[in-house]
Amino acid sequence: MAAHKTLESFGVVMPRTKVLKMLHKHGVPWKTFGIPPARSLDDLFMYHERDCFNFRNGSAKTCIVDVYVAVVLVVHRFNRKWYELYEEKQVFTNGEVLVRDNFNGIAETIKRGESLREGATRCLGEELCFRNPAKYELSECLGIEHREPIPSEKFPGIMAAYHRHVFECTISRALYCPDGYAEQEGNKTVYFKWKPCHQLGFRI
């Protein structure tokens with residue numbers, strides 16, 4: 001796949017009334033949306049209208065969203081060893097801690113009309129504040145990993161299928177922070193740490 005390709009063909013924006021009908025059809029408890037830690041119904045509409053976040057019918061009682069994301073495997077060579085960044089945890093202001101397995105790399109949902117490479121570049125800027133391309137080397141898209149649907153963390157009753165468009169980014173010494181990085185995102189802080197590359201299982 002060419003890294004400049006957009007995902008406009010991966011589903012169209014549905015009217016909000018049609019989205020609600022689909023939620024009703026599958027018995028999704030959308031009236032509970034907005035009760036922490038769930039996101040609100042308005043958030044669901046926003047993600048669908050802004051991002052490559054598309055609805056489809058699963059089984060009789062399953063509503064699935066296909067989420068297309070840019071995943072960047074950030075690596076750095078230090079003392080002759082290669083290290084890769086991974087998401088250690090998310091800490092919420094209410095004290096809740098979320099640890100996700102097998103989510104190495106950093107990721108952002110690709111926006112509608114955005115190229116894959118633009119999504120990966122935006123991911124580096126938003127997640128790690130890496131905004132100067134002269135200080136890192138970003139690959140073309142290395143491949144796509146299609147994951148099986150899992151219960152959505154944000155919207156109870158909905159299954160999310162992640163389609164991960166994987167890039168690799170080698171950073172310079174100027175960007176390397178041995179203690180890792182922290183991103184403040186709304187009501188949570190996301191912590192990223194380094195591990196030797198061989199300790200991380202996922203590879204395209």
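How do the residues of the lining of the largest pocket divide into nonpolar, polar and charged? The structure is a predicted model, in which local features need pLDDT of at least 70, side-chain atom pairs count only at pLDDT 80 or more, and totals for chains, interfaces and linings use all residues. Residues are numbered from 1 along each chain as its sequence is written, and side-chain values use heavy atoms, with hydrogens and water left out.

The lining holds 18 nonpolar, seven polar and 17 charged residues; here Ala, Val, Leu, Ile, Met, Phe, Trp, Tyr, Cys and Pro count as nonpolar, Asp, Glu, Lys and Arg as charged, and the others, Gly among them, as polar. The volume of this pocket is about 1000 Å³. A pocket, on a 1 Å grid over the protein atoms alone, is an open set of points where a 1.4 Å probe fits, with protein on both sides within 12 Å along at least five of seven lines, and lining residues have an atom within 4 Å of a point. Grid points are joined across faces, edges and corners, and the volume is the space filled by probe spheres set on them. Of the 42 lining residues, R39, R100, K154, E185 and K188 are the closest to the pocket centre. Two or more lining residues come from each of α2 (41-50), β2, β3, β5 (106-109), α3, β9, β10 (181-185) and β11, where helices (H or I, at least four residues) and strands (E, at least two) are DSSP runs numbered from the N terminus. The largest share, four residues, belongs to β5.

K188, in strand β11, is buried, with a relative accessible area of 8%; buried means under 20%, exposed over 50%, and partly exposed in between, using a 1.4 Å probe and protein chains only. Not counting residues up to four places away in sequence, K188 touches R39, Q90, V91, F92 and E183, contact being heavy atoms within 4.5 Å. E127, in helix α3, is also buried, at 7% relative accessibility. With residues up to four places away in sequence again left out, E127 touches I106, A107, E108, E183, E185 and F192.

The next topic is the nonpolar core, a set of buried Ala, Val, Leu, Ile, Met, Phe, Trp, Tyr and Cys residues joined through side-chain atoms within 4.5 Å. The largest one has 27 residues, of which V72, V74, I106, L124, F130 and I171 touch the most other members. At least two residues each are supplied by β2 (63-78), β3 (81-92), α3 (116-128), β6 (136-138), β9 (158-171) and β11 (188-196), and α3 gives the largest share, five residues. Another core, of 22 residues, lies apart from it and includes L41, Y47, C63 and F155.

Helix α2 has the buried residues L41, L44, F45, Y47 and H48. Why are they on the same side of α2? They cover an arc of only 160° around the axis, the arc being that of the directions from the helix axis to the C-beta atoms. Among the elements that cover them are α1 (16-25), β1 (53-57) and β9.

Finally, two residues other than glycine have a positive phi. R80, with phi near 65°, sits in the loop between β2 and β3 and is exposed, at 76% relative accessible area. C129, with phi of about 60°, lies in the loop between α3 and β6 and is exposed, at 54%.
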